[in-house]
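User: Can you walk me through the pockets and ring contacts here? I'm new to this one.
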Amino acid sequence: MAYDTNNIFAKILRGEIPCIKLFEDEHTLAFMDIMPQAEGHALVIPKEPATTLFELSDAAAAACMATVRRIGNAQKKGLGAEGIVLMQLNGAAAGQTVPHFHIHVIPGSIADLRKPHAMVMADTDQLKAVAERIIGAI
Ligand code: 5GP
C-alpha cells in the first residue's frame, strides 16, 4: 500500500499539528502518545516515510532503535520504571491505526496495560508534566 502523506504522524513531522516532543535527531522523533495506555507512554517514529516495518530501510530501523533505547533509559531514570514494554503494530489487520511506522515505548509491565489501545485522550497538562520528567533524564 502506498504511503499516505496525510497521516497524522506525517503532519506532526511537517509541524502542521503539535506534539509533546521528547527528543529529536536527524532521523527520528520521539513524543508522548496522546491516548496513553500507561503513564509515560511514548512513541518513536522515523522521519523516513514508511507505513510498516516492512517498508522501512535498515538504516532508519537502526536509528529508531537507538532512540527507543534513549527514551526507555530516560523513562527508567526519570519515572522510576523498572520495566519497559515495546509494542509495534504492522498493518490494519494487526490493529495499526496510524499508517506511519512507530514503536510504542511504554514504562511498566504488560500486566499494567489495562487501558484500551488508542481510545482515551489524556489531559495535556498531565502529559506535559510526565514528559518533563522523561526529558530531564535524557
Ligand atoms: P497504532 O495503533 O498505529 O499502533 O498506534 C497509534 C498511536 O498513536 C496510538 O497509541 C494513539 O493513541 C496515538 N495517536 C493517535 N493520534 C495521535 C496524535 O494526534 N498525537 C499523538 N501524540 N498520538 C496520537
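Analyst: One term to start with: buried means under 20% relative accessible area, exposed over 50%, and partly exposed in between, with a 1.4 Å probe and protein chains only. Phe9 is buried, and Phe31 is buried too. This is a predicted model: local features need pLDDT of at least 70, side-chain atom pairs count only at pLDDT 80 or more, and totals for chains, interfaces and linings use all residues. Residues are numbered from 1 along each chain as its sequence is written, and side-chain values use heavy atoms, with hydrogens and water left out.

User: How many aromatic pairs are there?

Analyst: The count is one aromatic pair. Rings of Phe, Tyr and Trp (its six-membered ring) pair if their centres lie within 6.5 Å; planes under 30 degrees apart count as stacked, over 60 as edge-to-face and the rest as tilted. The ring centres of Phe9 and Phe31 are 5.4 Å apart and the planes are at 80°, so this pair is edge-to-face.

User: Where in the chain are Phe9 and Phe31?

Analyst: Phe9 is in helix α1 and Phe31 in strand β2, 22 residues apart, so the pair links distant parts of the chain. Helices (H or I, at least four residues) and strands (E, at least two) are DSSP runs, numbered from the N terminus.

User: New topic. What volume does the largest pocket have?

Analyst: About 440 Å³. Of its 28 lining residues, the closest to the centre are Phe9, Asp33, Ile34, Met35 and Leu43. On a 1 Å grid over the protein atoms alone, a pocket is an open set of points where a 1.4 Å probe fits, with protein on both sides within 12 Å along at least five of seven lines; lining residues have an atom within 4 Å of a point. A volume is the space filled by probe spheres set on the points.

User: Which helix or strand gives the most to that lining?

Analyst: α1, with three residues.
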